[in-house]
Amino acid sequence: MPEIRLDGLVKRYGNVQVLHGIDLAMHDNEFTALVGPSGCGKSTTLRMIAGLEGVSEGEIYIDDRPVSQLDPKDRGLAMVFQDYALYPHMDVARNISFALRLQKRPKAEIDAKVREVAEIVGLTDFLSRKPGALSGGQRQRVAMARALAKDSDIFLMDEPLSNLDAKLRGQMRAELAIMRQRVQKNMIYVTHDQIEAMTLADRIVVMHGGYIQQQGSPAELFKSPANKFVAGFLGSPPMNFLSSTLAMEGDTLFAKGQGFNIAIPAEKAKSLGRTDGAVTLGIRPSDLNHDPNAPDETALDLQVQVSEYIGAQSVLICACGSANVTVELKSETPIALNETLRFAVRPEAIHLFDDKTELAL
Amino acid sequence: MSTARANRITPYLFMAPAAVIMAIALLYPLGFMVYGSFRDWDPSQSIGETEFVGFKNYVTLWFDPAFRESLSVTLIFAFSVVTAEMILGVGLALLLDRNIRGMSLLRTLFILPMMIAPVVVGLMWRYMYHPTVGTFNRTLKSMGLEGVDWLGQHALLSVIIADIWQWTPFIFILALAALQSLPRSALEAARIDGATAWQQIIHIKLPLMMPVLVVTALLRLIDAFKVLEVILVMTEGGPGLSTEIVALRISRTATEFRELGTAAAMSNYLLILLLLFTIGMFTLTRLQEARAKRLARQIQEDE
Ligand SMILES: Nc1ncnc2c1ncn2[C@@H]1O[C@H](COP(=O)(O)OP(=O)(O)OP(=O)(O)O)[C@@H](O)[C@H]1O
Ligand SMILES: [Mg+2]
């Protein structure tokens, strides 16, 4: 299982630069998810690793071997495409076995392999169907099976679930997680869906505008985002941002904004290295608890604007001064629109970002 | 009259003028030709004065070595040009399906021959094939080689070459269009699966282009059976009967031999042959449609 390393990878289309020096190392048997909003260069990065796009600058190393000049077929990888890219004129079995047949493997071996991967993805009953006679989910499995059959150590996936409906996507996501444990491969998974990334990946790489914003384990990225973009991108519902100003009152540092004045825990305040200036306060909805008795310095008073019922929980969109704050609340809590509720902030869950650079403080 | 009924009739009303024109311009001449083919008919006679001879014209033709010769020339001509044009046209399309600077200009140049009037093509090639002053032989001689008796000894081949020159572009355009509408990602998947350029052509591109190619070949074949002007201008069917395709023999039978009935019967033979090809083509598309429908049903049953 090889290590893939991207070294200062740059991609230009004409004089438009879409990737600005991507440095990344993906280790043995690691599931890496590239996430980011549409157009941030995820697919481009993946296609450059696959060899489907040329490299403008920089180099790609697979096990310390530079590969940027190699043909896709010589890089030893398999890929699942967003639109599945099945061969329409071949039945499922022939789709799956195409790479093996090109390698002129013995027929018995090919048959065994086809049966094995068809078993893994649950396609055994459909081997003689053409892709045109399969549903979206089945096609997705064929694409997965075809990539698995190749036995290559690197497995690339470009938004493999994005063409499926929500329910099927959830189911396939779970199956993917199971498959992930059965096959030992270096996987790179592109998605714009942060839930897929969080649930599947060992490591998440957040991209934005052709730059890597941050990389690390899902927990690392969730707990200590490097900047405001990563903080807002991961987590659902997304983190709330409030403009505020730092000020010392006695021994304690406070973040003061419209309608709130929240104490910063002493430890965090020490590491900030500043005691005044404008900062953005970030608090995740899950870190706000309804508590009418919370003391002023750890509380937000929020006026309910919209309540979205989603079952056990309701998502409330509230006004805090001129900003909107999203909170989650058990559905049985009785609330009225325009009512003002007090929420306690978990002190250790306070994030602060520099107003200008948007970097975490 | 109820509105519903009026609504049902309206489309036919709108179609009526076209149907009438079709009947007059298409069916009447066709019927006239079939009728004439059963008669012994000299151009000086009006059709009413002619004598009914039953299938005599057809039977005579069937055993006429000259007609058989001309039929076999036609078949050889049609199948060789279509084969050569398919190979060249598809091959060129495969070669030129890429984004190189100046490619669109090149593609435009390629399709020029198709736009030249057939008579002009014939004249042009007759000049180029001329034994002494023609382009080909002058070039050969300037290189110290013997001239070739293009329109004499090798008349059929020469005619075939001219037709290939004119009609390869037709195949080329259609093949290129088919090629460019292929699913890009399937080809990318093939590249990742380890297919070389050649394997991509054999295993992915050609099979996916096949429906278009089959129809293109049939269209070209039907057209090649009816070619007249280019050959008329280049060789007038000679030397001997070596390039006398059926269309040419029909026109000679009617004008030189003054046997309109036989000419009509000959046209009908050609028509039947073409009809067979057309029916073949239709069945093929029908089969494909039926298969697509069956697949669609299969999906529905799954869900
Ligand atoms: N052939 C091309 N020519 C010019 N620009 C391109 C080309 N292909 C992609 N781009 C640009 O490169 C940028 C990155 O594209 P890419 O496909 O990698 O985005 P992505 O992150 O995969 O987005 P999505 O989630 O929508 O798939 C986009 O801004 C896109 O417009
Ligand atoms: Mg993409």
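This is a predicted model: local features need pLDDT of at least 70, side-chain atom pairs count only at pLDDT 80 or more; totals for chains, interfaces and linings use all residues.
On the chain A side, 29 residues are in contact with 21 residues of chain B. Together the chains bury about 2100 Å², and 62% of that is on carbon and sulfur atoms. If you want to know where to look on chain A, go to Lys73(A), His89(A) and Leu102(A): they lose the most area to chain B, together 24% of what that side buries.

Sorted by class, the chain A side has 18 nonpolar, five polar and six charged residues.

Let's stay in chain A for a minute. Over all chains the structure holds 24 salt bridges, and one of them I'd like to show you is Lys107(A) with Asp111(A), where the closest N and O atoms are 3.1 Å apart. Both sit in helix α3 (residues 107-121) of chain A, and because they are four residues apart there, about one helical turn separates them.

Next, two backbone spots. Most residues other than glycine have a negative phi, and most peptide bonds are trans. Tyr84(A) has a positive phi, near 75 degrees, and you'll find Tyr84(A) in the loop between β6 and α2 of chain A. Then there's the peptide bond from Ser236(A) to Pro237(A), which is cis, with omega near -5 degrees. Pro237(A) is in the loop between α8 (228-233) and β11 (240-249) of chain A.

Last stop, chain B and two of its helices. Helix α1 of chain B, residues 3-36, has 34 residues and reaches 46 Å from first C-alpha to last, close to the 50 Å expected. Where is the kink in α1(B)? It lies at Ala16(B), at about 45 degrees, shortly before the proline Pro17(B). Helix α8 of chain B, residues 155-180, has 26 residues and reaches 38 Å, close to the 38 Å expected. Still, α8(B) bends by about 35 degrees at Gln166(B), with a proline, Pro169(B), following within four residues.

That's my tour, so over to you for questions.

Terms used
Residues are numbered from 1 along each chain as its sequence is written. Chains are lettered from A and ligands numbered from 1 in the order in which they are written. Side-chain values use heavy atoms; hydrogens and water are left out. Contact means heavy atoms within 4.5 Å. Buried area is the accessible area (1.4 Å probe) that two parts lose on being put together, summed over both. Ala, Val, Leu, Ile, Met, Phe, Trp, Tyr, Cys and Pro count as nonpolar, Asp, Glu, Lys and Arg as charged, and the others, Gly among them, as polar. The expected span of a helix is 1.5 Å times one less than its number of residues. The bend at a residue is the angle between axes fitted to the seven residues ending there and the seven starting there. A salt bridge is a side-chain nitrogen of Lys or Arg within 4 Å of a carboxyl oxygen of Asp or Glu.
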